[in-house]
Structure formats: structure tokens, C-alpha cells
Amino acid sequence: MSHYPDHLKYTKDHEWVEKTGDKRVRVGVTDFAQKQLGDIVFVDVPTVGRDVESGEPFGTLESVKSVSELYAPLSGRVVTVNPDLEGDPENINTDPYGDGWIVEIDATGTGTPDGLLDAAQYQKHITDED
């Protein structure tokens, strides 16, 4: 069974969200997601400065098995893209909650995404999907 850090929030699309500033969040994919995808070989993410809309696709992950879309957990502007993923996309597999983070977004509005799950709710969501 995977471990889901308690300090993070989760989306039903298998992404994690960590508040890193007043209106800034860091986004990545969960351990469950990376295991389902298999070996990540390429990450396509928006450029810094691009606006993203909550619930809308903002990038893709390519694995040896498939291509999966990434969905914005909140509306805002991309302010940082993980520079290590271009050369080492497998960081998502080896350290999904650390070196495998994908983007940071400065939120518009309150900066608090709606509908996020805590670790226990996310674990239940995965169990219910099976």
C-alpha cells in the first residue's frame, strides 16, 4: 500500500497539492498515479507565465504505457516549472512527493482549491475506484 503524506491535499485526478506560500501551491502526481503509469519518459508542462484554469488540462505525462493529462487543481498562473524533469522525468517515479514535483502556481482568488481531499479521503477514493 502506498503512503500519502498528511500535509498534502489530493485531487480525484491523482495529483497532490502543497501550499508553499500565501497564494502559491506546488503540484505533482501521487505515488498511486506514477505506479499506474509506469516509467515516466517525458513531461510536457506549460511555460512559466501561462494561465491555467481549475479542472482543465495543463500538461501531459508520457510513460512507456500511455500518455496522461495533468489537470490544474486551481486557477492561476504558472510561476515555476521543475527544471529537473526535462532531463530526469523519472524523478516522478522515484520521488513523486519530492524531486518529482511538476509546477508551482500562483492562485487567483482565495488561493485555496475547492474539492481537495485529505490523505484519508484520497486513500478511500482509490479504494472505491478499484
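Is H14 buried or exposed? Before I answer, please keep in mind that this is a predicted model, in which local features need pLDDT of at least 70 and side-chain atom pairs count only at pLDDT 80 or more, whereas totals for chains, interfaces and linings use all residues. Residues are numbered from 1 along each chain as its sequence is written, and side-chain values use heavy atoms, with hydrogens and water left out.

H14 has a relative accessible area of 14%, and it is therefore buried, a term that means under 20%, with exposed over 50% and partly exposed in between (1.4 Å probe, protein chains only). H14 sits in the loop between β1 (9-10) and β2 (15-19), strands being DSSP runs of E of at least two residues and helices runs of H or I of at least four, numbered from the N terminus. Most residues other than glycine have a negative phi, yet H14, which is not a glycine, has a positive phi of about 70°.

H14 also belongs to the lining of the largest pocket, together with residues including D13, E15, F32 and L70. A pocket here is an open set of points on a 1 Å grid over the protein atoms alone, where a 1.4 Å probe fits, with protein on both sides within 12 Å along at least five of seven lines, and lining residues have an atom within 4 Å of a point. The largest share of that lining, four residues, comes from α1.

Turning to strand β4 (residues 40-44), we find F42 there, and because its relative accessibility is 41%, F42 counts as partly exposed.
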